[in-house]
Amino acid sequence: MTALLEVRGIEKRFGGVRALAGASFAIARPGIVALIGPNGAGKTTLFDVIAGRQAADAGAVLLEGTHARGLPPHRLVARGLARSFQECRIFAEWSCVENLTFALRPKAILGALVRAVTRREPLPEAAREEAMALLRLATLDAYADAPASLLSFGQRRLLEIAAAMIARPRVLLLDEPASGINPGLLAALAGLLRRRHAEQGGLFLIVEHNMEFVMSLADHVIVMHEGAVLEEGPPAAVQA
């Protein structure tokens, strides 16, 4: 079976610091997978390599069997890979619906100019319906046409994750999605991830330090230490 996502022997140095030391794993089946480890283990650096934001010094990244290392982020998005970030990235002056439907538009090299020109161009009604369905899953539908600046930090995080989901990527990388979210919104985040995965399928790969949260979601856990994979398996086996 061809893996949805495979990384082989990824190496990355920053000066004299070896951030990734031959990191390797393969995820063959759809599911929710946790990538865990202490600070400095290399988790976010590996995410950045997979998502085309960092150039690896050696190794390979394969999406559904096709080499993808070194492709720019917009080409990886076209290949079915999306991600969220540790720092929340939304357009605060846009409405919540606009934030989501923008994610469905083709991305171009002119970036900011294209956003300014196209964000209010009509989209098919199906796009708004999909955005509204995601906002309901994220418990944000009451803010659909309100500017995202009215949202709390945790709600903005939910909005960013929903925007990453809207194009139904085959591989979705979520970098510390629970960071900064209060306990009242954690249930909404867990519900969003579970229900969207049930609808969408594919692979949700999550870096997270909240062990209780991520262990309740994941069906497979990969443990990193000092830039390499130390252990992997079902949550109960890894905890044991």
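The model is predicted, so a word on conventions: local features need pLDDT of at least 70 and side-chain atom pairs count only at pLDDT 80 or more, while totals for chains, interfaces and linings use all residues. Residues are numbered from 1 along each chain as its sequence is written, and side-chain values use heavy atoms, with hydrogens and water left out.

**View 1. An open sheet of four strands, ordered S2-S1-S4-S5.** The pairing here is antiparallel. At the edges are strand S2 (17–27) and strand S5 (66–67), each of which pairs on one side only. Strands (E, at least two residues) and helices (H or I, at least four residues) are DSSP runs numbered from the N terminus, and two strands pair if DSSP finds at least two bridges between them.

**View 2. Alanine 78 in helix H2 (residues 73–78).** With a relative accessibility of 71%, alanine 78 counts as exposed; the cut-offs are under 20% relative accessible area for buried, over 50% for exposed and in between for partly exposed (1.4 Å probe, protein chains only). Proline 169 is 91 residues away from alanine 78 in sequence, yet their C-alpha atoms are 8.9 Å apart in space.

**View 3. An aromatic cluster formed by Phe91, Trp94 and Phe102.** Rings of Phe, Tyr and Trp (its six-membered ring) pair if their centres lie within 6.5 Å; planes under 30 degrees apart are stacked, over 60 edge-to-face, and the rest tilted. The count by this rule is three aromatic pairs. One of them joins tryptophan 94 to phenylalanine 102, edge-to-face, at 5.5 Å centre to centre with 80 degrees between the planes. Tryptophan 94 and phenylalanine 102 are both buried.

**View 4. Helix H5 (residues 125–137) and its packing partners.** The 13 residues of H5 reach 19 Å from first C-alpha to last, close to the 18 Å expected at 1.5 Å a residue; the expected span is 1.5 Å times one less than the number of residues. Buried residues of H5 include Ala127, Glu130, Met132 and Leu135. The buried residues of this helix pack against helix H3 (96–102), helix H6 (153–165) and helix H7 (183–200), where contact means heavy atoms within 4.5 Å. Just after H5, threonine 139 has a positive phi of about 55 degrees.

**View 5. Arginine 83 and its salt bridges to aspartate 48 and aspartate 175.** A salt bridge here is a side-chain nitrogen of Lys or Arg within 4 Å of a carboxyl oxygen of Asp or Glu. For aspartate 48 and arginine 83, the closest N and O atoms are 2.6 Å apart. Aspartate 48 lies in helix H1 (residues 43–50) and arginine 83 in strand S6 (residues 81–83), so this pair ties together parts 35 residues apart in sequence. Relative accessibility is 13% for arginine 83, which counts as buried. Between aspartate 175 and arginine 83, the closest N and O atoms are 3.3 Å apart. Because aspartate 175 sits in strand S7 (residues 171–175) and arginine 83 in strand S6, the pair ties together parts 92 residues apart in sequence.
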